[in-house]
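Student: Could you walk me through reading a structure like this one? I'd like the general idea each time, then the case at hand.

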Amino acid sequence: MSDSGAVNTAGGQPGAAKGQASIPVPPKLVKVFVDGMEVTADSRDNLIEAARRIGVAIPYFCYHPRLSIAGQCRMCLVETSDAPGRLVPGCQVRVKEGLKVVTNSPAVKDNQRGCMEFHLVNHPVDCAICDQSGECKLQDYYMEYDHQPSRIRTYKLNKPKREIFGPLVVYDAERCIMCTRCVRFMDEIAQEPQLAVVERGSHSLISIFPGQPLDSQYSGNTVDICPVGALLNRDFRFQSRVWFVNKSPSVCTGCSNGCNVYVESRGNVAYRLLPRRNEEVNQVWMCDHGRLTYHETNDKRVEWARTGRGEHAASVGPRIAVDRAVELLMPLAGQGGVGVAISAQCTNEEAAAAFQLGAQLRAQRFFFCEKPPGDSDDFLIRADKNPNANGVKLVAEAFGMKLEDISQIDGVKALVAMRTDGLPLEKLARLEVFVAIAQNEDASTAEADVVLPCESVYEQDGTLINWYGRLQRTWDSVPAPRGDAAPGWSWAERLLSGLGGTGFRSAAAAFKLLAERSPNLVGLSFDQLSDDGMVLDRLLPWQWPARAPRPLPGAHSVRGPQTTPPGTKVGDEPSGASR
Amino acid sequence: MTEPAPQHDPLALEEDLPSAPMTINLGPSHPAMHGTVRLVVTVDGETITEAIPEIGFLHRGFSKSSENSTWHQVLPYTDRLNYVSPILNNTAYIMGVEKLIGIKCTERAEYLRVVGGEISRICDHLTCIGAIGLELGAYTVFLYAIEARELLWDRIAELTGARVTVSWTRISGVASDMPAGWEQHLRDCLPRVIELTNEIDTLLTNNRIFIDRTRGIGVISGEEAIDWGFTGPCLRATGVNYDVRKAHPYSVYDRMDFEIPLGSRGDTYDRYILRLAEIRQSHRIVIQALDQMPPGPIVTDDWRYALPPKKDVFGSIEGVMAHFKLIMEGIKVPPGEVYVYTEGANGELGFHIVSNGQGKPYAIQVRGPGLPILSALPRLIKGHAVADLIPIFDSINMIGGEVEQ
């Protein structure tokens, strides 16, 4: 689905087909002048991108660097030396050697003002009740390019206010400015054409097809790229005003793709996940399943340490719980019946701490447990629904231990579980001693003699390794404490000191040991890991899903180049662009 | 005829008495320490050998707080600088922001600011004079001064909605116009204010006790005062003719006919008499401003800088968006750096403001007139008797809020 053959560099319809990705002409550098300033631009740049290189902002609603050009909004009209006396769309016209672009002439300013006025003709007075308020392009551009009172003396057009498009998306037709970004996204990126423009003129609106809801796994992205409040996330709707939440980078834990995300939180409550740009992992997208993974950070958490099963269960202080666990485990240490289960939901540091704890208990057997596999596709969704299966295996290798499948648990008398995903429930009751370091309440925590509350990946420093071997940092993104929850390695450290050993006092210390032991991590330091992660070359797979973003060849240890030079503001960070 | 009793220097009597230096704290919560300031006084008998003012008890972190507030949210902080004449602070700060933006205040609002500012100046001087009287035992003076001040503060409350914490100015104008009938109300009460001022004049100016307690006390020369950074009444009491309203006219002061009263000795008495004269001059200015005030808008209609009318906020998308952006993100002030200076009640009130183009100030520093004058207090007090300390301290009219910010 790419451009076929010749590209019209004179400013015709570049990239009018699907996506902007592959244009068969090798890129070259051209010099253009934006408002008199010289810019060295890529020949594939349009005027918006060329101007962005020197920080000149050309406003736009409908343009998106990853979608085809629509020319719907008319906001980006500028003057060029090629067409004196008329305005041309900056999204559609491509740079050309020596082209002079003017973005601030009276004609351009007048068009921007007029454009805003027309966009607002039928826009409802909704800011106070609109979720987009605070990250809305209409608000931003109105103050920057229009800032004049309304001249409308008629009633505004009424349209459907709350069309349920699908499980995650609701549509308000009155707020819509018909930029068609969502339609193009579904056509070109999700490749599931589930949206269309219907009706004509000022009555036009976006619609799903009869009997076909917007149920694509990527539907949430349409909300992100919607420049106004027309498409809203039903999960986030009316939950929080956007200026109340703190935006913090993290990595999605929904599957082994490891999409880069922002976690937005207030206090110890996460409110939503938004994709964070990483060309080599998720570009600027993420899937709907991943978008909802933050719920595990909020709901049904193990908040306080607990001892005793069933009727004897009692919340206790962390020290009492650790003492109790030590008391139960100490007699069994070295008896051969101790096993350690490590979930693929653990960070590398938690896994390392689990192996260290196992060594202190002289455990002979280590088990690998995980969430069950699920759907996959050829883009961002991987079947392995665990963020760090690769990492846990790498850590096991580093400690020279063999991982068994959790179903082989028979014969184990005492089990210490670092996170409780996928533990075989029917076999847990037979254990003499079961100590669980758990994030969420589930059937297995009910069977535990001691439960220690574990922080979620969104709450702790650590590293994860995705399906193709990309080592990525996580941070303390939801910073406020939740009960007595602590990272898994911290509980392991406390158990270790009770058992007479020493554990890791920080995630960095755990990573340091891993870097010493694992050939894959040699020479790496926790504090110097890039925000965008790095590729561990030896883990790279042979086969790739057709459309999965991949690291650029030959640049594995560093982040690949991006279309926008560092330091300039990227206008299309999905959503939240105005903050 | 009996010979008049020989005049004795009261301090000379103590010369032969054995004494050792003693260090005493005056304040910070002493009633005569206006605001909250401490003087660490070393006395040798009745003579003050050293007096070190210690400030910081009223510190509010003005600069830092301002950096975390939108441009308009800084206004309430400026109220609390010199809290006796807040409109003057509001005006000085907002003039700085207007200069950064390059926007002009509307004509009517300029006059309103002058009216409000000069009333505030009268209040400030009345407070100072009243306090001097009070602390020298002339309680009546204090009552008269406060009666006059209350008359004016009531007018300010009607005009701005608050007696002290007015937050009245806005970028390119003011928050509220004169309410109906307010002008006549003010014109009616100003004669009473002048009448009370005249009463105070009669009570103090030729009063033998008052003169003995203030004349030749806390003397400073013009050159020295300039070296210390004096401005305002304390500088003009030394005979130096510097008033920002005349030297560098701003707002509509160049259209006003008024004089700058000057002292000659630079002592406590002159500082008192000067404030008395300035009250009368401010009265002249207020009357002229009321006479000249044109009709018109009190704030710009450019929604980038002034909130839209409520009708538009609730009734149009344009209005609600402008309101939202101004409240949530603040007015966008172009990057730049300015220093504006105005004549505050106690001297040159300057704001140094830096903007980096965001909705909040990047940095703000205040040149409060009180700090340089307070720093000269040890010099003014040294060698005087303990009893002279309070009149001297009163006469420089230190205001804790603007000294400590």
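Tutor: Let's start with contacts. This is a predicted model, and in it A:Lys137 touches A:Tyr60, A:Phe61, A:Tyr142, A:Arg181 and A:Pro227, once neighbours within four places in sequence are set aside.

Student: Where does A:Lys137 sit in the secondary structure?

Tutor: In helix α3 of chain A. For a sense of sequence against space, take A:Cys226: 89 residues separate it from A:Lys137 in sequence, yet their C-alpha atoms are 9.2 Å apart.

Student: Is A:Lys137 buried or exposed?

Tutor: The cut-off for buried is under 20% relative accessible area. A:Lys137 has 9% relative accessibility, so it counts as buried.

Student: A:Arg181 was on that contact list. Which residues of α4(A) are buried?

Tutor: A:Arg181 is one of them, along with A:Cys182, A:Val183, A:Arg184, A:Phe185, A:Met186 and A:Glu188. Helix α4 of chain A runs over residues 181-188, and seven of its eight residues are buried, which leaves the helix mostly covered.

Student: Now sheets. How should I read one?

Tutor: Strands of a sheet pair through backbone hydrogen bonds, in either a parallel or an antiparallel way. Here, chain A has an open sheet of eight strands with mixed pairing, in the order β15-β14-β21-β20-β19-β16-β17-β18.

Student: Which are the edge strands?

Tutor: β15 (314-315) and β18 (403-405) of chain A, since each pairs on one side only. For a pair inside that order, look at β19 (residues 414-418) and β20 (residues 433-438) of chain A: they run parallel and are joined by five bridges. Across that pair, A:Leu415 stands opposite A:Phe434 of β20(A).

Student: And chain B? How many helices and strands does it have?

Tutor: Chain B has 17 helices and eight strands. Its radius of gyration is 23 Å, close to the 22 Å from the globule rule for 405 residues, so chain B is as compact as a globular protein of that length. Its C-alpha trace spans about 90 × 40 × 35 Å along the principal axes.

Student: What share of chain B is buried?

Tutor: Buried residues account for 56% of its 405 residues. As for contacts in chain B between residues at least 6 apart in sequence, 69% join residues at least 24 apart.

Key. Residues numbered from 1 in each chain as written. Chains lettered and ligands numbered in written order. Predicted model: local features only at pLDDT ≥ 70, side-chain atom pairs only at ≥ 80, totals over all residues. Heavy atoms only, no water. Helix = DSSP H or I, 4+ residues; strand = E, 2+ residues; numbered from the N terminus. Rg over C-alpha atoms; globule rule 2.2 N^0.38 Å. Buried < 20%, exposed > 50% of the residue type's maximum accessible area, 1.4 Å probe, protein only. Contact = heavy atoms within 4.5 Å. Pairing = 2+ DSSP bridges.
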